[in-house]
Amino acid sequence: MKQQATPYLIFNGNARQALELYKEVFQGEVVELQTYGEADFPTPPEADDLIIHAKFRKDSLFLMISDVFPNQPYEAGNNISLVLELESEEEIQHIYAQLSQKGSILMELQDTFWGAKYAKVQDPFGVMWDLNYTKA
């Protein structure tokens, strides 16, 4: 693995407001932001201005943030996952196989529009994991 697990916070259409609050509170910066409308991914037009992915940083504090995927339920408690940035195809395959065998697949391991191999899995204890391997 490349680094520590990164918290990924999911909001119910108010990710932009959360980012503004975090900028003020932590005096950090949004280092990346993409909306659903900007992404090469099919979503309904009413989601165009919602955030599909953002990164916030202040010194060693690093958060990833998005709005809930359109038409998916939002529930307090299911709005955080841990992101693992993996170093190889073999590593992501192994971790995906192990977690999905004992847990639930929320998104199959697949190639993505952002140039990575990605999957989302919930382990048998309810922890959600975003597995990401950015291809060279």
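Does Phe-26 count as buried, partly exposed or exposed, and what is its relative accessibility? Select Phe-26: at 36% relative accessibility this residue counts as partly exposed (buried is under 20% relative accessible area, exposed over 50%, partly exposed in between, with a 1.4 Å probe and protein chains only).

The model is predicted, with local features needing pLDDT of at least 70 and side-chain atom pairs 80 or more, while totals for chains, interfaces and linings use all residues. Residues are numbered from 1 along each chain as its sequence is written, and side-chain values use heavy atoms, without hydrogens and water.

Tyr-22 and Phe-26 lie 4 residues apart in helix H1 (residues 15–26), about one helical turn. Their rings form a tilted aromatic pair, 6.0 Å centre to centre with 50° between the planes (Phe, Tyr and Trp rings, the six-membered one for Trp, pair if their centres lie within 6.5 Å; planes under 30 degrees apart are stacked, over 60 edge-to-face, the rest tilted).

Then select Phe-41 and Phe-113, also a tilted pair, at 5.8 Å and 40°. Phe-41 sits in the loop between strands S2 (29–35) and S3 (51–58), and Phe-113 in the loop between S6 (104–111) and S7 (116–122), 72 residues apart. Phe-41 is partly exposed at 32%, and Phe-113 is partly exposed at 31%.

Finally, colour by secondary structure: the chain has 2 helices and 8 strands (DSSP runs, H or I of at least four residues and E of at least two, numbered from the N terminus).
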